[in-house]
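Here is a short note to read beside the model. Please keep the structure open and follow each point in turn.

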Amino acid sequence: MNTTSRRPLRAVASAATALLVAGLLGACGGTTPEPETMVSATLGQQQDAEASASASESASASTSADTFSYEGRTGATALELLLEADPSAEVTGEGDNAFVTAIDGRAADDSKNEFWSLSVDGELAQVGAGSLETEDGQEITWTIDTF
C-alpha cells in the first residue's frame, strides 16, 4: 500500500488549475489577478490549513477554564511538566513548597476560597506538585477547587 501524502499533489493541482483559468480568462479578454498572485494565495491557504492541523495534533495539554491536564513522564515532577505545558503558569515558592496560583491565565480567586488542586489518574495527590514524581501514561489534572 502506498502511504505517500497527497497534500503536496493537491497544492500543485490547485496551482495548475489557477494558472489554466487565468490563461483562459486572459485570452478571452476578461480581467483576472496575476497568475503568480493566484498561485501564491492557493499555496498559502493550503499551507495555513496544514499548519493549523499540525498544531492541533501536537497539543499535549488539555484545558478548560477550570481544569488543565497533561500526561505524566517518568522522572519528571508534576510541577516540571506543568511549567513545560504552560510556561505562563504562576507559582509561589519552589520545589516541595511550590504552590500553583494560576494556570493557563486562570488565577484561583482567594475571595472565593479557590485553589488549584492536583490529581493523578483521578485521585487527589498526597504530596505537592514539586514532590510528585510522575510516570509515563499517568493523567495529571489540575482543577479549580474550593475550601
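1. Start with one pair. V120 has E123 in β7 as its bridge partner. The model is a predicted one, so treat each point below as a description of that model.

2. Now widen the view to the two strands. β6 and β7 run antiparallel and are joined by 2 bridges. Together they form a hairpin, with 2 residues between them. D121 sits in the turn and has a positive phi of about 50°.

3. Stay with D121. This residue lies in the loop between β6 (114-120) and β7 (123-124).

4. A patch of negative charge on the surface brings together E71, D121, E123, E135, D136 and E139.

5. Look at the other partner of β6. Strand β8 (residues 139-146) runs antiparallel to β6, and 7 bridges join the two. One example is L118, whose bridge partner in β8 is W142. β6 itself is mostly covered, with 6 of its 7 residues buried.

6. Turn to a separate topic: the open sheet. Three strands make it up, in the order β3-β4-β5, with antiparallel pairing. Why is one side of β3 (90-92) and of β5 (106-107) left without a neighbour in the sheet? Both stand at the edges, and each has a single partner strand.

7. Finish inside that sheet. β4 (residues 99-103) pairs with β5 over 2 bridges, in the antiparallel sense. I103 stands opposite R106 in β5.

Technical notes. Residues are numbered from 1 along each chain as its sequence is written. This is a predicted model: local features need pLDDT of at least 70, side-chain atom pairs count only at pLDDT 80 or more; totals for chains, interfaces and linings use all residues. Side-chain values use heavy atoms; hydrogens and water are left out. Patches are made of residues with over 30% relative accessible area and no salt bridge: like charges are joined within 9 Å, nonpolar side chains (Val, Leu, Ile, Met, Phe, Trp, Tyr) within 5 Å. Accessible areas come from the Shrake-Rupley method with a 1.4 Å probe; for residues, only the protein chains shown count as cover. A salt bridge is a side-chain nitrogen of Lys or Arg within 4 Å of a carboxyl oxygen of Asp or Glu. Lys and Arg count as positive and Asp and Glu as negative; His and the chain ends are not counted. The place of a charge is taken as NZ of Lys, CZ of Arg, CG of Asp or CD of Glu. Helices (H or I, at least four residues) and strands (E, at least two) are DSSP runs, numbered from the N terminus. Buried means under 20% relative accessible area, exposed over 50%, partly exposed in between (1.4 Å probe, protein chains only). Two strands pair if DSSP finds at least two bridges between them.
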